[in-house]
Every structure is written in structure tokens, then in C-alpha cells.
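Welcome to the tour! Please open the viewer and get ready to select parts of the chain as we go.

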Amino acid sequence: MGTHHGCQRHALGRTLLSMDYDVIIVGASIAGCTAATEYGRAGLRVALLERHRSPQAHKTLCGHFILGGTHEVLRRLGFWQPMLDRGAAVTTGLGVWTDAGWIVPAPGHGVPPAISLRRSKLDPLLREIAAGTPGVDLLMGHRVTGLVESGVVTDAGRTLRARLVVGADGHHSAVARLAGVPEDVAPNERFLFWAYYEGAEMTGPGDGQVWQLDPDIAVCVQVDDGLTLVGVFPAKERLAEFADDRLAAFDRFVARLPGGPSLSGARRVSNLVGTTDYPCVRRDPVPRPWLALIGDAATASDPVPAVGCGWAFRSAEWLTDATAGPLRDGGDLGRALRRYRRAHQFIDKYDDIGRQDALATPPNALQRAIRAAAVSDPWIARRLAAFGMRAEAPSVLLNPKVVARALLTRRAARPA
Ligand SMILES: Cc1cc2nc3c(=O)[nH]c(=O)nc-3n(C[C@H](O)[C@H](O)[C@H](O)COP(=O)(O)OP(=O)(O)OC[C@H]3O[C@@H](n4cnc5c(N)ncnc54)[C@H](O)[C@@H]3O)c2cc1C
């Protein structure tokens with residue numbers, strides 16, 4: 001098996017396209033490659049279709065900071081070490097600036113590390129792993145333009161059939177559109193821009209920082225090749241400031257960050273990357289008895305909390321865990337897909353919270369109390385970090401015990 005692109009692919013592609021598969025996956029990026037690799041390892045025959053011709057193709061609009069909640073999944077999949085081998089940077093604890101002070105990550109806080117590898121390296125790596133997995137046919141240059149029951153039609157007019165079709169084709173999912181799947185769209189009231197620097201010096205606590213400027217947010221994190229990503233996520237009411245000279249507005253924003261990175265000896269090695277509008281989109285992850293959606297095709301969340309890549313890896317793992325056995329052994333696929341949908345509720349719950357945060361409204365009294373308490377209370381700080389890294393369900397932070405403790409801490413901290 002392997003990667004087939006350009007002219008070499010066509011001869012092989014013709015033969016493959018006349019065959020049936022156990023699973024057809026549309027989109028060979030994070031979610032699609034992960035699912036294909038796992039299905040292949042489970043002994044299934046997989047067609048992995050990607051519209052781009054080059055195996056080096058990658059998503060450019062992505063900050064690629066993969067939260068600690070994905071660490072275990074990446075290790076289980078065998079992706080963590082190859083990512084490190086390609087130069088990925090690991091972040092063990094983020095310092096969070098709040099108006100009550102810095103929340104400093106305690107050493108050995110037990111929250112799993114985040115990892116960052118630019119998509120120009122990550123996407124080709126995942127394709128390489130998928131293409132090298134027995135049973136997986138990575139078919140580059142095959143855009144899906146139609147759907148039939150239990151099958152897809154490509155732009156070359158070929159029909160491929162399988163027991164399960166998986167839409168891993170991102171935010172604007174063609175598969176979901178072709179299947180007539182309803183979209184639940186919510187507004188995002190922030191915009192975002194970032195740039196990469198060589199020689200940037202972090203001056204805040206932790207090995208990366210987040211600024212909660214209410215309603216604006218900013219980040220500074222390490223990425224591969226020793227580069228630093230500096231990003232700003234202002235509320236849309238500041239869009240006009242960025243209209244004329246975007247870079248000057250960005251520089252002004254970064255220069256005013258309390259304890260922000262020192263860029264005096266640094267060199268910016270990229271243009272600004274970003275977007276002024278990115279609504280949140282959600283679709284049923286199991287819209288038909290023969291169709292599942294994973295990654296952004298199911299849930300494209302607000303980019304600000306950097307959840308999307310993690311959701312793509314995790315939803316792909318949940319789907320393959322639930323369905324590989326029944327697909328291989330002729331078991332009950334409907335039941336397996338219901339299991340996948342239940343697992344996906346982990347994402348749905350966080351997405352509900354993310355959609356609230358994406359409105360860029362000031363934090364409520366409870367949010368302020370939890371943040372302020374986390375400045376002085378390592379127990380709350382750890383829970384806040386586990387929540388931020390999506391390492392545990394939202395109840396790790398949003399529970400009566402944390403709330404009571406935060407309120408007590410706040411009362412104790414008040415001057416008599
Ligand atoms: C501005 C921005 C910043 C972000 N920053 C972060 C971050 O820091 N951390 C984080 O975790 N997430 C981040 N995200 C989210 C992250 O980029 C996505 O969640 C992630 O890429 C989803 O992966 P995916 O595999 O589901 O989809 P995608 O990566 O979008 O891949 C979809 C694939 O399907 C292919 N495809 C599409 N249509 C077809 C078709 N018809 N036929 C065949 N192939 C097709 C595409 O070419 C592509 O390869 C950010 C998103 C944005 C917009």
C-alpha cells in the first residue's frame with residue numbers, strides 16, 4: 001500500500017477504484033489519517049481519499065497547539081514519538097495572566113503536556129503513517145463530489161462502496177453537505193492573528209503563556225524548530241484597529257502584554273496568519289446508519305482554546321474503537337455507531353462552553369472567583385489547567401466543590 005499521487009497513481013488508482021472497501025474515509029488530514037491508520041491496524045481495507053494531489057499538502061489556517069488532553073491518545077496511536085522526531089515542541093505548563101495575578105503552573109502538577117508541530121510537518125507525517133499501514137490505500141487527488149448509500153462518487157466519476165463512509169473532510173464538510181446534514185452554527189465574536197519568531201524570549205511563568213485580558217486573549221507558545229508563536233485573539237469591536245495596518249496593530253497589542261515576550265532581539269519569520277471571522281459549526285456525528293463524521297466535519301469549535309486538532313485525533317480514535325470490531329466481524333454497526341455518538345458527547349459538552357466563551361462577553365462572578373482563587377490555590381490551579389488542556393471532563397472544574405472553595409478563597413483574600 002502507500003501514497004499514490006500524480007501519474008503513477010492513476011494506473012493503480014483505476015484498479016483500486018473498482019474494488020470495494022470495508023471503510024471509505026474522505027479527507028486525509030488529522031482525523032482521516034488517524035482513523036485510516038487505526039482501521040488498517042485492525043485488519044480492515046480502507047480507502048483514504050484526499051482532494052489534494054501532493055502528500056505535502058497541509059492546512060495553513062491552524063495554530064497546531066495540541067492540548068495535553070490528547071497526549072495519551074497520541075502515545076497510544078504511536079504518533080507522539082514521530083512528532084518529537086520531526087522537532088515538535090512540548091509545553092508542560094502554561095502561565096495564565098489574569099487581572100488578579102499570574103496563575104503559575106506548579107511543578108509536577110500532573111496535567112499532561114501539550115505538543116506543537118506545524119501542520120506543514122504534521123499533515124505529511126500522518127499521511128506517511130497511514131499510507132504505510134497495511135490495508136490502507138491513500139488516494140491523493142481524489143475529490144469526493146457525490147454520495148450514494150454506503151458509497152462516494154469522486155470527481156473522476158468513480159463510485160466506491162463500503163459498509164461505512166467517514167466524513168473527515170473538515171469545517172466545510174462536502175460529505176455532510178451532500179448528505180443534507182443540518183448544521184448548527186454559532187457566532188464567534190473574536191478574530192485572531194499570529195506570527196512565528198526566531199529568538200523570542202518568554203518573560204512570563206511556565207513554558208508558555210496565556211493572557212486573559214477580558215474580552216481579549218493572547219498566547220505565546222513554543223513550536224517546532226525552536227520557533228515561538230505569538231498570537232492575539234481580540235474581540236471583534238477592535239477589528240477597525242487592525243483594518244489599516246494589521247501588523248502595526250498586532251505589534252502594539254503584543255508590546256502591551258503584561259509580562260509579554262521580549263521580541264527586541266527576535267526576528268519575525270512569517271507573515272501574520274489568521275482570520276477575522278470563524279463561526280463555530282456542529283453536526284450530528286452519526287447522521288446516517290452508514291455515515292459517520294469525525295474531526296471538524298462533526299465539530300468545528302472556536303479556534304481560541306485550541307481544541308480542534310485534539311478533537312480530530314480523539315473523535316477518530318473513538319470511532320475506530322467503537323466500529324472496527326463490528327466492521328471486521330460483521331457485527332452490529334448501528335450499535336457501534338451509537339457508542340461513538342455517546343463518546344462524542346465529551347466534545348459536545350466542551351463545545352457548549354466554548355460557544356459561550358466565543359461570545360467574548362466579560363467573565364461572570366463565578367469565573368472571576370475561580371480564576372482569582374487559582375492564583376493562590378494550587379488545587380484549583382491544577383483543575384483549571386486540566387480543564388484548559390481538556391484532560392478531563394468539564395466537571396473537573398465546574399463542580400460544587402471547586403465553586404465553594406473558590407468563593408471561600410476569595411472571601412479570605414478580601415481585606416477586612
Ligand atoms: C485560525 C485557526 C486556528 C486554529 N488553531 C488550532 C490550534 O492551535 N490547536 C488546535 O488543536 N486546533 C486549532 N484549530 C483547529 C484545527 O485546525 C482543526 O480542528 C483541525 O484541522 C481539524 O482536522 P480535520 O482532520 O478534522 O480537518 P482538516 O484538517 O480541515 O482536514 C480536512 C481534509 O479533508 C480534505 N477534503 C476536504 N474536502 C474534500 C473532498 N470533497 N474530497 C476529498 N478530500 C477533501 C481536505 O483537503 C483536508 O485534507 C485552528 C483552526 C483555525 C481556523
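The domain bounds used here come from an automatic or database domain assignment. Color the chain by that assignment: domain 1 is 2–59 + 120–185 + 279–357, domain 2 is 65–118 + 190–275, and domain 3 is 365–413. This is a predicted model, in which local features need pLDDT of at least 70 and side-chain atom pairs count only at pLDDT 80 or more, while totals for chains, interfaces and linings use all residues. Residues are numbered from 1 along each chain as its sequence is written, and side-chain values use heavy atoms, with hydrogens and water left out.

Now select domain 1 and domain 3, whose C-alpha centres lie 36 Å apart. Where they touch, nine residues of domain 1 are in contact with eight of domain 3 (contact means heavy atoms within 4.5 Å).

How much area is buried between domain 1 and domain 3? About 680 Å², with carbon and sulfur atoms giving 62%; buried area is the accessible area (1.4 Å probe) that two parts lose on being put together, summed over both. Next, select Phe346, Tyr350 and Ile353: they supply 62% of the area that domain 1 buries against domain 3, more than any other three residues.

Finally, show the helices (DSSP runs of H or I, at least four residues, numbered from the N terminus). On the side of domain 1 that touches domain 3, α8 (308–329) and α9 (333–357) each supply at least two residues. The most come from α9, with five residues.
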